[in-house]
Amino acid sequence: MALRPPGLRPRNPAGPAGPSAASSSLSLPSSSLAPRLPAVLAVVVTHDGRRWLGECLRSIDRQIYPVMDVVVVDDCSPAGPGEAPLQSVAGAALGRRRHTVLRTPSTFGFGGAVNWALDRLRPDAELLLFIHDDVALDPDSVELMVRRMCLDPGTAIVGPKVVSWDEPALLEEVGWSTDRFGHGYHGLEEGERDSGQRDRAREVFHVTSTCMLVRRTVFYRLNGWDTKMRAFCEDLDLCWRARLAGHSVEVAPAARVRHVAALTHRFRRVPWGPTRYLLRRNRFRAVAKNSSAVRLLWLVPQLLLLALVEMAGYLVVRQPRAALQVLGALGWNLAALPSILPARRRAQRARKISDGSLRRFTVPASIRMRSFVARRSDRFEGAWGHRMRAVLTGARTPVRIGSRVLPAVALIGLLMALGLRDSLLAPPVSVGELLPFPEGATTMFQAFAQRGSGLGPTGVAPPALLILGVFPVLALGAAALAQKLLVVCLGLTAAVGAYRLTAAWAAEGRAGRFGAYAAALAYTIGPVGYAGLRAGRLGALVFGAAAPYVVGALVRLCGVPLPPRGAPSRSAPVPREMAGIALGCGVSAAFVPASLVLYAVVWSIAVLSGVLLGEGRAAGSRSRPVEVAAAVGGIAAGWGLLLPWSAAWLSPGEPLFRLLEGPASLTYRAAFSGQGAASVLLADLPAGASLMGPTLVIGGVAAVAVTRGPQRKLALFLWACLGAIGLTVALWASGWAPPLVASPVEGGVLAALAWAVLTGLAVGGALEGLSQTGRRAIAAAALLTLLAAFAAASVAPPLVRGAYSPGTVQPKAVGPVDDIAALLGSQVKREGAGKILWVGGQAELGPSLLHPPGYLRLTGAQGPVLSDVFPSGGAGRRVARLVASVEAGGTDRAGRDLAPWDVRFIVVAGSGDAGGDRVGAWLSQRDLAVVRAEPEYLLLANAGVPPGPRP
């Protein structure tokens, strides 16, 4: 609702709603403001608020500020039985003030009602005071706010200190900050009492419409309130627009008002929807209107992602209606684009300052996250409290498997924090494939979009860049936090997958549940988790996180006999199972392409087990050929999700080509030296815990002995999988077949999953046996004791030592990365400082498919980051040929030849005889200057590239 320009004098409607002329002749308490008092028009908006309106108007009437008129706007309140006319209420309360009463034709909301009233009155008062009907002002509040306004002509909006209506010593707000997403932050502690500690007048990002003094000229230039918002966040939007126009917003804590907060406490109904929905939709609208175009480019994806995370959280705590409200807020803004775009143009045309100028009023990331957690904790407690009370009182409440996983996640999260404490509390690690994330929330997405990684642009960007790019966004651009978030999320995802897989197969009741806990623990901190973390095997960790979900869907589709008690709940439509397989296969193959082959092996064994061990299908059940074909289609669809990158796997320099041909394949084959079927069947992985293997073997053998019926058939199926994987590894190790994975850690992922589930079945079966009598109970107790002893002996020492931290597979060699970064300092760190070419065997813990063998790496000035770990062709091959020419003595102008790739520094490894020859070849280059020479490395500066950013 647009506002018309104001007239020279107030134009009040005639009739009984007109002003009380007699009030102008009454004497008011004197004011200390001099020499001229600016006129104030107080606008009170009421909607279904008669219980507080009388006190509100009387507090306005008692103000010591003399030059103030009042307009009461009834926002089409419903008529209550026996209520006096609003004119009578206003006349009785405002005996000393000129006033008028208006009623809107329909319910507009606070901002809409104010705009409507001012459009009719067209006042010429210098200052406008907007007040809610559930507010009571101290007698000197208006004068103190006007005084604050008059101190600085640039101040456009002033707000008071707001305290509780019933308990005035309790603070509610003293000005607000905000974050980049528009979330408000008042900085008060829970239940903070007013002892004068917040009485310093200061500039803030915004004040609330509870009570707000605004310059009339600024208000009209801003086109008033945004009437589309109706309720909530309209004050944030108005203050934001005033700030963009170059004005300041201040709080005058000496002015105090009491506030009921009727909407927040649900003392009255909001007619436009739930509070959660209105808050989010209006906040999204304010951000879309007032953020600059450049800021919106990276802010909108983060807003969408955070909204998705919030919806997922509501679904976890079983509040689907709340998730729908967040989704509805997004949809409303999408539908409201025709009104957002003109409003945005008006706000941006009035802009006089940049977004960076407002940064001092925004909340840092740490405070924002702490506030977010605090706001959500009570909601989580409310959602789950009734379930906990039901459990404690013995009431039976149906609980799904998903809710049982929380104790397992909490336990495994605690153990992960213990085992990873050295890396979680340290700067980002640089081990194997686990490199630091580049700075910036969207840098990984940019690397994917620009098809650039490692040694230059590739023909097809690896989709893993897109997958990994989610974590910097979740970490709000904090690179160090993103790496830790990646490791923790992969571990917890693997734990949840192993739990759900085992819970669906294990014994019924508590025995099966504790068996699922044991499986989740064995899988997460077992061979793959232990070796993968210590050696920095990112591919193995991602493969391990996705494998339980894919294997579970394959088994359900391919006819492996499952416990009949779980069949109805697990029966899912074939398309849904197929989609789950496709997604899991796509994520796995983005890091380990041959995982699709290993999944196909599991599929073939599952089909065979369904034929040999199955008991037939019930009449009317799904067709076996359709399900088997759907499983194959899911694996194929996983490959299709990675197109066009997956179509180039066999091209020169691409993943499968390096495994099958070329000098790199010899390095991968050498990694399987000493491995074989016995390694798989004994749960033995390189760098694995010494006693973890025997623990899993005991559990696997016991699973066949202590289980019955479908559980035993499942145990036989898992043993068949172990045999097939062992045979495959034996073929790779003997040279009869080229290895399709880069290391035994990746090849042992599915074997580790099978061992973990077998251990879970054994624990569940043994716990069931304890309920029996005689020899079976004694054998079950002995088995559980043996498993517990071996598990404690294998897991406790590395956890206590913190040996799960990446890089602890062997004593970490001190490389040149940190030394060079410290040496070059700001010269390398500043933007446009070029790139660093690393030549020679950079320390790496074994072969990797993501980072192929070789001794070349081209990184940014900040050193190796995660986007550099992926192989590249094109420019990479040309740089490799140039380096080979240098070391063969074919050129003495390496600096000139490297200039097109903006190579500013070259780091040459100098250990060993080959390293000495290499160093000599690089020292002979005439356009390279020696910066530092150490026994381990040589640092050269490219004199052929001019300083500063390349044009």
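**A tour of selected helices and loops**

Begin by selecting Pro-644, which lies in the loop between helix H24 (624–641) and helix H25 (655–660); helices (H or I, at least four residues) and strands (E, at least two) are DSSP runs, numbered from the N terminus. A cis peptide bond joins Leu-643 to Pro-644, with omega about 5°. The model is predicted: local features need pLDDT of at least 70, side-chain atom pairs count only at pLDDT 80 or more, and totals for chains, interfaces and linings use all residues. Residues are numbered from 1 along each chain as its sequence is written, and side-chain values use heavy atoms, with hydrogens and water left out.

Next, select helix H2 (residues 86–93), where Leu-86, Ala-90 and Ala-93 are buried (buried means under 20% relative accessible area, exposed over 50%, partly exposed in between; 1.4 Å probe, protein chains only). Viewed down the axis of H2, these buried residues fall within an arc of 70°, so they line one face of the helix; the arc is that of the directions from the helix axis to the C-beta atoms. Their cover includes strand E1 (40–46), helix H1 (50–61), strand E2 (68–74) and strand E3 (99–103), where contact means heavy atoms within 4.5 Å.

Move to Cys-76, in the loop between E2 and H2. Its phi is near 50°, a positive value in a residue other than glycine, and Cys-76 is partly exposed at 22% relative accessibility.

Then select Arg-230, in the loop between helix H5 (216–221) and helix H6 (234–244). Arg-230 is not a glycine, yet has a positive phi of about 65°; its relative accessible area of 30% makes Arg-230 partly exposed.
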